[in-house]
Amino acid sequence: MPELPEVQTIINGLNSKVLGKEITKIIELRPGTVYRQFPITSLDNIISISRKGKYIILQTSSNYKLIIHLRMTGKLIFENDLTKTSNHARAEIVFSDKTKLIFDDVRTFGKIQILKFNEEVPALINLGVEPLSEEFNIIYLKNKLKNRKAPIKNALLDQTVIAGLGNIYVAEILFRAKVHPATSANNIKSTKLERIVSETKIILREAIKHNGTTISDYRNVEDKTGEFQNFLKVYGKKICKCGAMIQKIKQAGRTTYFCEECQR
DNA sequence: AAGTAGACTTGGGGGA
DNA sequence: ATCGCCCAAGTCTACT
C-alpha cells in the first residue's frame, strides 16, 4: 500500500477537501469493508484528520471516529458528483453538500472501522515511533534492535519498531545508508544505525514533497499519481548507478532489492 | 519469545 | 492470441 509518504499526502488532501464537512451516511458497497460496532444516528462533522503510521484517523464532532487502512491498493478519492463511481468502489462516505469520498480498493484488503472516540485498536496502540519525530533517534533504534537477530530489513518493516515504513522505503533507506538488508539487526554498528536514522528522515521528507511514490495503484484524493518513483535508486531497478546488477532476494515473504557492491 | 510461512484477494504482465 | 503462472505499496494468525 501506500506507505507513510503516500498516507501523509492523502491526509494533506483530505484536510483541504473534507475537513469540517458533515457526514450524512457511510455506504458499504462490498460486505466486510466497514466495521461498525454501533449504528450512526446523528449527523457529524469531521473535526480532525490525522495519521498514525499508515492508519488514517477521521475524528467527528459527536464522539466517533473512522479509522481507515488502505493496505496494498486502497484509495480515497474525493468526488464532486454523487452519480459518479469508480471501478472498485468498496464504500462511500457521503457529505451533506453533495460531495463524497470513494473508498476504492482492487484487492479488498483495506478496511474502514467506526469506533467510539476513546476506543483504541491494538494495532494502533502497539505502533512504534513516528520516523519523522524526534523520538526516532539512534538511542531509540539501538534499544529496539538490541535483541533482534532477524535481518534489518524485516526489523524496519515491523510497525511496532517504526510506524509507517514499507517495502519500497525500507529498500531505499538501506541503499542510501549502505547497509546490507540481510545484516542481523542487533549486529549493526552505531555509525550505520545513525545513517539509517538520518536517511529515513531525508527520504520520507523528500517523498512527501513529491506527493509519494506511485508504482501502480496509489493515487492521492484527486486521483493523481505521486512523483517520487522518479527518484528511487534501488527498488524495482535492474542496474545500480555503480554499474553492478541490483540483486533481488526474498525476506519474510517480500522482495528486497539491493546492491551487493554499495551495501556491505 | 522471536521469526516466518501462509492467508486474504484481484488484476496486470511476461512467457509458453 | 490465449492460457495460466507469478507477482504486487500490508498486516494478522498460527505455527515452530
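**Close-up views of chain A**

**Figure 1. Overview of chain A.** Chain A contains 6 helices and 11 strands. Its radius of gyration is 20 Å, close to the 18 Å that the globule rule gives for 264 residues, so chain A is as compact as a globular protein of that length. The model shown is predicted. Along the principal axes, the C-alpha atoms fill a box of roughly 60 × 35 × 30 Å. Of the 264 residues, 50% count as buried. Among contacts between residues at least 6 apart in sequence, 63% join residues at least 24 apart.

**Figure 2. Surface and charges of chain A.** The accessible surface comes to about 12,500 Å². Carbon and sulfur atoms account for 49% of this surface. There are 42 positive and 27 negative side chains. The centres of these two sets lie 6 Å apart.

Figure 3. How many of the 10 residues of helix 5 are buried? The count is 10 of 10, so helix 5 is largely enclosed by the rest of the structure. Its buried residues include Ile168, Tyr169, Val170, Leu174 and Phe175. Glu172 and Arg176 of helix 5 are buried as well. The packing partners of these buried residues are helix 1, helix 4, helix 6 and strand 11 (254–259). After helix 5 comes lysine 178, with a positive phi near 60 degrees.

**Figure 4. Helix 6 and its buried residues.** Helix 6 covers residues 190–209, which makes 20 residues. From its first C-alpha to its last it reaches 29 Å, close to the 28 Å expected at 1.5 Å a residue. Among its buried residues are Leu193, Ile196, Val197, Thr200, Ile203, Leu204 and Ala207. An α-helix has 3.6 residues a turn, so residues three or four places apart point the same way. Which helices do the buried residues of helix 6 pack against? They pack against helix 1 (4–17), helix 3 (138–145), helix 4 (152–157) and helix 5 (167–176).

**Figure 5. Asparagine 211, after helix 6.** Asparagine 211 follows helix 6 and is found in the loop between that helix and strand 10 (246–251). Its phi is positive, about 65 degrees, although the residue is not a glycine. Is asparagine 211 buried or partly exposed? Its relative accessibility is 30%, so it counts as partly exposed.

**Figure 6. Lysine 98, in a loop between strands.** Lysine 98 is found in the loop between strand 7 (89–95) and strand 8 (100–105). Lysine 98 is not a glycine, yet it has a positive phi of about 65 degrees. Its relative accessibility is 56%, and exposed means over 50%, so lysine 98 counts as exposed.

Technical notes
Residues numbered from 1 in each chain as written. Chains lettered and ligands numbered in written order. Predicted model: local features only at pLDDT ≥ 70, side-chain atom pairs only at ≥ 80, totals over all residues. Heavy atoms only, no water. Helix = DSSP H or I, 4+ residues; strand = E, 2+ residues; numbered from the N terminus. Rg over C-alpha atoms; globule rule 2.2 N^0.38 Å. Buried < 20%, exposed > 50% of the residue type's maximum accessible area, 1.4 Å probe, protein only. Contact = heavy atoms within 4.5 Å. Areas by Shrake-Rupley, 256 points an atom, 1.4 Å probe, with all protein chains shown as cover. Lys, Arg positive; Asp, Glu negative; His and termini not counted. Charge placed at Lys NZ, Arg CZ, Asp CG, Glu CD. Expected span 1.5 Å × (residues − 1).
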